[in-house]
Amino acid sequence: MVYNSKLPHVGTTIFTVMSALAREHNALNLSQGYPNYPSSQKLNDLVSNAMNNGYNQYAPMAGNLDLRLAISNKYELLYNHTYHPEKEITVTAGATQAIYTIISAFIRPSDEVIIFKPAYDCYQPAIEVNGGKAIPIQLSAPDYKIDWNEVSSKVSSETKMIIINSPHNPSGTIWSKEDMLQLQKLTHDTNIIVLSDEVYEHIVFDETRHQSICLFSSLKQRSFITASFGKTFHNTGWKIGYCCAPEPLMSEFRKVHQFNVFSVNHPAQKGIADYMQDPKTYLSLNTFFQQKRDLFLNLISESRFKYRPSQGTYFQVLDYSNITDEHDVDFAKRLTKDFKIASIPLSVFNEDGKDDKVLRFCFAKTDETLIKAAEILCRI
């Protein structure tokens, strides 16, 4: 049988590679972005209660209405803007499915999609498998600032979509209000759709406000927001996320969603809906993760790594240029094998493998794990 792959250059993700290497060498795994502590027992009990109370059949295609109401109320509470729970919110099988479905619904062959690199690794394959063309804008360590003149120069008559991500994985940086205003100005009076990946919206540090796309009226009318309960409630394995958009965009999204997923785990949806009745369940995340970030950075302050404190997400980028000239992939693998600590090299997310000599470490771990990790890093 002979066939032409639609993704001929896509192999195993770096997350799978590094996690497998960590298991093989019994290393601390600070590579893949998931916690090593349990989700809330109260939330687990609410999901169990939902199962016991009959929420075991298909949820509505757009998602359990109680959950969509909770999401709508959250946006009103946080941003004084909201989305209609019946027409503008859809629950998805994680944010990655939402992103893939948005791209599938709107990107046709030869359409161009602007992405900012280092970019989360699901963006470009989703564009390419739908026949689109990714147009990269390369950002550089340590600040990963956006050159808006460059962005403007990359916009063409073929530009269909711009994908943004703030707080940003993998760099841990955030977009400023000025960045959002620049994006709003750039897309005004165009047919460009904006896909705003906001899965870490509740994890922003140092009393900084997350600049959600919904805060900017012109942007909101052309944009999707994607989000993840797995990131918010420490249960990435549940794969529950959602997306929000104005009704005309969401209507097109649901045409695809109903055939590639249809509906999502019902008892988990109901449990999360009940859990969100207390806003503290998500409003406390900034403090929780900032304590972990600060603990980790204080513990490695005497190491040879250089860093700027993460502005958001639960990732910290460390510059190892004072230690070695090795390529970041080689160094990450050597750390895993020889020092028993796993991380993610950022070059795999960059255009043409640009190597800034930085590694990403996940600090969504127990304090005990972070202490052990810091002891290792201080020995390198």
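Reply: Helices here are DSSP runs of H or I with at least four residues, strands are runs of E with at least two, and both are numbered from the N terminus. With that in hand, let us turn to H234, which sits in the loop between helix 9 (229–233) and strand 8 (241–244). Please keep in mind that this is a predicted model, where local features need pLDDT of at least 70, side-chain atom pairs count only at pLDDT 80 or more, and totals for chains, interfaces and linings use all residues. Residues are numbered from 1 along each chain as its sequence is written, and side-chain values use heavy atoms, with hydrogens and water left out.

H234 is not a glycine, yet its phi is positive, at about 65 degrees. This residue counts as buried because its relative accessibility is 18%; buried means under 20% relative accessible area and exposed over 50%, with partly exposed in between (1.4 Å probe, protein chains only). Beyond its neighbours within four places in sequence, H234 is in contact with P35, Y37, S39, F229, L285, F288 and F289, where contact means heavy atoms within 4.5 Å.

E207 also has a positive phi without being a glycine, here about 60 degrees. E207 belongs to the loop between strand 6 (193–197) and helix 8 (217–220), and it is exposed, with a relative accessible area of 84%.

Cis peptide bonds deserve a look too. One joins K117 and P118, with omega about 10 degrees, and P118 is in the loop between strand 3 (112–117) and helix 5 (123–129). Another runs from N169 to P170, with omega near 25 degrees.
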